[in-house]
Amino acid sequence: MQIKVFKVIALLCCLVFVFLIPLFVTQLYWLHTFTMFAIHAMLALGLWLIVITGQVSFGQAAYMGIGGYASALFCKELGLGLFTTILAGGVVAGLLGLSFGYLTLRVRGAYFFVLSFAFAEIVKVLMRSIRKDILGGPNGILDIPHPTITIGALNLSFVSETGPNTSLYYWLAMACLVITILLVWFITRSRFGRELRGIAQSDDLAESLGINVFRHLLVTFAIGCFIAGVAGAIQSYNFTMVTSDWMEVGHSIDQLSWVIVGGMGSIGGPIIGAFILTIIGELLRAVGAYEPIFSGATLVMIMLFLPGGLISLRVPKFSTLLGIFKRLSRAISFTSGGSSGNRKQSS
Amino acid sequence: MGIVSNLLEVKGLVKNFGGLMAVDNVDFYIEEGEFLGLVGPNGAGKTTAFNLVSGFLRPTEGKIIFNGRNLVGLKPHKIASMGIIRTFQASTLFGNFTVGENLDLSLHLKARQKNSEDNSLFINELLDFFQLSMWKDSLGYDLPYGHQRMLGVAMAMAAEPKLLMLDEPLTGMDPKECMDMIRLLSTINKQGTTVLMIEHHVSEILESVGRIIVLSNGKKIADGLPKDVVQNKEVEEAYLGREEESIA
Amino acid sequence: MTTALLSTLLMNSLVTGLVYALFASGLTLVFGVMSIVLFCHGAVYMLGSYTFYHLFRTWELNYLLSIILTMAATGCLGLILERFFFKKVEYAILPSLFVAAGLTMIIEQSAMLGFGTLPRSVHSPFVGIIKVLGGIVSVERLAVMGIAIGFIVLLMLSLDHTKTGRAIRAVSQDVQVASSFGINPTYMYAGSCFIGCVMAGAAGALMAPIYGLSYSMGEPWLMKGFMIIIIGGLGSIPGSVIGGLILGVIESFGMFYFGYLSSSFIFIAVMIILILRPKGLMGHAD
């Protein structure tokens, strides 16, 4: 019982720390990166929710894009407020996912994987080609105004004379991430969530016990798409634009990487994966062209040597740490004292 | 015309797999409270018949009537909710879950009606009955084979079926485990659950079942008391025609 | 629509369709035998194109020899992939997919760094055009058609009539039964990876003179390959031929009449076909 209370307090401290970050991180570049992390983590969580049922969706980038487009349209054409449009973006994406899922969740495995990608491509091409007057063609929807929210008598604008209010965007993204984490956590901890994991192991067995497998998969898929849509909506405000480039296959691969590298075993996996890969992605900007090589290599290495993802790494206990220190010091004393041609195995 | 209608009635059941008649015009019925054995050599159509009744396959023709309702066209989970629970030969359990969690999942149909305390009590009763209590927190994958199959039956019972359909529950078990299983199944049956059991090795079940149906090449070739079926010439031929089988 | 126009469009469809079929047959074979998605197939195709470029244009080897050597090279790459990557993840579906995806990123980016971002071109050894039913088709494309047909037929015949081919087919049907007959599944996996990459290399070599080369040329092919094998049915080589031809037709006619919008047609076709026939046109239960 004590451990549980301790864990909750620790989590709350983390939460407070996370929300206080904009106060002491003044470099807007990094604040922006953390905002991107929050958006990526939401996408990763949505995808993770779908993947734990045993279905891999390769088209989540499309739902993110649709969320962005819907939110942008509701904002620009209908003049609706921030929270309404974000919610609308999510709902539209969720409904689209519901329709797609209804047609296709009868097939499983590789067929569903390819179908989900096919659907994403269709959506992408459509967004580029139809209603260019409001959808903007290949350029997408531009000049999305920075929103303003009113809390009581306080008018918070997401833009100031010096530029977009990065802190506000950060808080918005983080708040949505926290809500997403709670949502996904509740689902996976519930009976419904356990049934989902059962379905992943044997859908026939689940069905024989009275579980409506199709409906479970459909609902989960729609929720995952909803989350992706909300993330897309936030991003569309953050970038003040949305384009069909968001629906490129590379982004779907990125999303899968966050989930896989982080590990599928628990809810922390996609979050860690999104964090590590987003940060590494930014750090590697310096290396520019070599970035995909590093990302690709990371993916390969994780798959070959750590298939459970980063989350499956066990934090070393004190005695193990001591052991590692001992070995390291022995190795160092060898190389500094001995001749380089004399390689001995340290035991 | 009977005064008491049967629990399950199958009429004119046909399943045609693009030319291959897996089930060829089969009729049978089960009365409430019976312990019925479904036997036959490999490829006779037993599992196909199971899949047809439980909704995992759609019949080409025929009627399946359970408690007065036609099951044809219903999805498996709907049929399960009506009271028919079946087991599988492969995938008997959720390997990545513990035994307790497996049983908890199996309460899907009943969970909403009970509160969590009742659920826990019920699960413990089941564990006791199937002698799995000491394995409660072990992962399904870690269970010895015989216990895995026991768990499969326990999970089916957790759903409190009216008709329990078992697909070769004795496969791969040693003689002692077979006896334990049969004893348990008899007890379950005497407590009121109707049981339909596919079994390959007929000798083990001859004393426990009340009636045997024999399928061969998709057709029903015998239906009656164990003692009569065993002496049936056609049944003997069906089994002896395949060298590796024997009926008793 | 004149006969000439129809004929020209059809000829175009055949050329691309047959090479698509060649490419996809490798993809579907590997899936049928190993149940893994060869996500690096596009990258191998690209490497095949560049290999052919170096052999044919830089070293000025004979056209056919260049193609054969390219196929051998990509085939060896396939063996490396199987031995050091797919085997390591025990041929599990998702891990293989991600390993292949990661490798694709590495390969394509290395290609960009190594070969540059400017597309390259190589001339075909065939010149001239022929008129077929009023429509125009270049000899170059006819040659490609012929070679592609040849390779596909060769593939199908060897799967039917050679010992290894039949062993591979046995493994794709049922691994356990096959191994109980003494067939070593790992050898067959290696064999199918080899053949799969050989097909991708062949497609790359054949297409190099027609479409030119660029480091990202493999991406669209990979996606199209997926569509083809889904339409045709996973694991079915005749299915991938049909699928490839369908894609060729959709692209030629679609682009002519509908422009960019036509790039969505194949995906719409895939969705329709899968809704009507969930295992693809010729798929067997997997």
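Predicted model: local features only at pLDDT ≥ 70, side-chain atom pairs only at ≥ 80, totals over all residues.
Visitor: How should I read the overall form of chain B, and what radius of gyration would a compact globule with 248 residues have?

Guide: A compact globule with 248 residues would have a radius of gyration near 18 Å, and chain B has 18 Å, which agrees. The C-alpha trace of chain B spans about 50 × 40 × 40 Å along its principal axes, and 43% of the 248 residues count as buried. Among contacts in chain B between residues at least 6 apart in sequence, 65% join residues at least 24 apart.

Visitor: In what order do the strands of the open sheet in chain B stand?

Guide: In a regular strand the side chains alternate between the two faces of the sheet. Here four strands of chain B form an open sheet in the order β2-β1-β4-β5, with antiparallel pairing. Because β2 and β5 (69–70) of chain B stand at the edges, each with a single partner strand, one side of each is left without a neighbour in the sheet.

Visitor: How many bridges join β1 to β2 in chain B, and how many join β1(B) to β4?

Guide: Seven bridges join β1 (residues 8–17) of chain B to β2 (residues 20–30) of chain B, the two running antiparallel, and in β2(B) the bridge partner of Asn16(B) is Met21(B). These two strands, β1(B) and β2(B), form a hairpin with two residues between them, and Gly18(B) in the turn has a positive phi of about 50°. Five bridges join β1(B) to β4 (residues 61–66) of chain B, again antiparallel, and Val14(B) stands opposite Glu61(B) in β4(B).

Visitor: What span should helix α5 of chain B have?

Guide: At 1.5 Å a residue, the 14 residues of α5 (residues 116–129) of chain B should span 20 Å, and because its end C-alpha atoms are 20 Å apart, the two agree. Just after α5(B), Gln131(B) takes a positive phi of about 55°.

Visitor: Which helices of chain A supply the side that touches chain C?

Guide: The size of an interface is often given as the accessible area lost when the parts come together. Counted by contacts instead, 30 residues of chain A are in contact with 31 residues of chain C. On the side of chain A that touches chain C, α5 (109–129), α11 (249–262) and α13 (291–305) of chain A each supply at least two residues, and α5(A) gives the most, with 12 residues. The residues of that side of chain A divide into 25 nonpolar, three polar and two charged.

Terms used. Residues numbered from 1 in each chain as written. Chains lettered and ligands numbered in written order. Pairing = 2+ DSSP bridges. Contact = placed C-beta atoms within 7 Å. Nonpolar A, V, L, I, M, F, W, Y, C, P; charged D, E, K, R; others polar. Expected span 1.5 Å × (residues − 1). Rg over C-alpha atoms; globule rule 2.2 N^0.38 Å. Buried ≥ 20, exposed ≤ 12 C-beta atoms within 10 Å, placed from the backbone.
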